[in-house]
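Let's take a walk through a protein chain together, starting with its aromatic rings and ending with the chain as a whole. Keep the 3D view open as you read.

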Amino acid sequence: MFLRPRTLVLLILAFAVMASAPAAFARGGNYAFDGGTSAQRAQVDKALNASSFDWSVIRGQVTVHIGRFDSHASAGEIWLDARLLDSGRFSWGVVQHEFAHQIDFSLLTSENRVELERLLGAKAWCWDTSGLQHADYGCERFACTLAWAYWQNGDNCMKPASKHDESAGMTPAAFRATLARMLGVPSLKLRSGR
């Protein structure tokens, strides 16, 4: 088979773009990196792969910024502390927690949030209500519980130590069933954490 020079150039360019693309697809997740070393980026990949959650339900691509800042998230973006990622497996629960916020931002309805706030024992959904402790916010309890419900491993820093912890508002099975119903994704309740 003979390729014309123009077709060959286009194929080479397409392969070069694909080879250098920063996007990663862990369990269907669609994210791109901004910063970080290859080892730090690998920790994000490993964290998402350790979870049994299907990250492909997140709408759109998430940009993962890695640097020297506190880990947090906003719609479509996540900031992860590079030093935390350097700790390896310990960071995975935080990575999953920040990705869980993307589920809130892109998929939960107002009605879902009201129901989850009640089920998780929160005082308010998120930071638009000031003056509460971190554990009082439903959005934080949601993210912690999702990280724990889909990766029930002793290495998960989101593992509840008491019934009052942020990730202890619901049992993992009840949380997975509730989230599967809310999102209309039956497989979310059938897969167990590793």
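Start with the rings: in this predicted model, nine aromatic pairs turn up when ring centres have to lie within 6.5 Å. Take Phe53 and Tyr150 as your opening example. Their ring centres sit 5.0 Å apart and their planes meet at 80 degrees, so this pair is edge-to-face, because the label applies to angles over 60 degrees. Now look at where the two partners come from. Phe53 belongs to the loop between α2 (38-50) and β3 (62-67), while Tyr150 belongs to the loop between α6 (138-149) and α7 (172-183). That puts them 97 residues apart, so the pair links distant parts of the chain. Are these two buried or exposed? Phe53 has 0% relative accessibility, so it counts as buried, and Tyr150 is buried too, also with a value of 0%.

Next, find Trp125 and Phe142. This pair is tilted, with 6.2 Å from centre to centre and 50 degrees between the planes. Trp125 is in the loop between α5 (110-119) and α6, and Phe142 is in helix α6 itself, so the pair ties together parts 17 residues apart in sequence. Both Trp125 and Phe142 are buried.

Back to Phe53 and Tyr150 for a moment: ring pairs join them with Tyr31, Phe33, Trp55 and Phe99 into a cluster.

In soluble globular proteins, nonpolar side chains tend to be buried together. Here, the largest nonpolar core has 46 residues, and the members touching the most others are Val44, Phe99, Phe142, Leu146 and Phe175. Several elements, including β2 (31-34), β5 (77-81) and α3 (82-86), each supply at least two residues of this core. Which element gives the most? That would be α4, with six residues.

Zoom in on Val44. Setting aside neighbours within four places in sequence, Val44 is in contact with Tyr31, Phe33, Val64, Ile66, Leu80, Leu85, Val95 and Phe99.

Finally, zoom out. The chain has eight helices and five strands, and along the sequence they run α-β-β-α-β-β-β-α-α-α-α-α-α. Of the 194 residues in the chain, 46% are buried. If you count contacts with a separation of 6 or more, 57% are between residues 24 or more positions apart.

Terms used
Residues numbered from 1 in each chain as written. Predicted model: local features only at pLDDT ≥ 70, side-chain atom pairs only at ≥ 80, totals over all residues. Heavy atoms only, no water. Phe/Tyr/Trp six-rings, centres within 6.5 Å; stacked < 30°, edge-to-face > 60°. Helix = DSSP H or I, 4+ residues; strand = E, 2+ residues; numbered from the N terminus. Buried < 20%, exposed > 50% of the residue type's maximum accessible area, 1.4 Å probe, protein only. Core = buried A, V, L, I, M, F, W, Y, C linked by side-chain atoms within 4.5 Å. Contact = heavy atoms within 4.5 Å.
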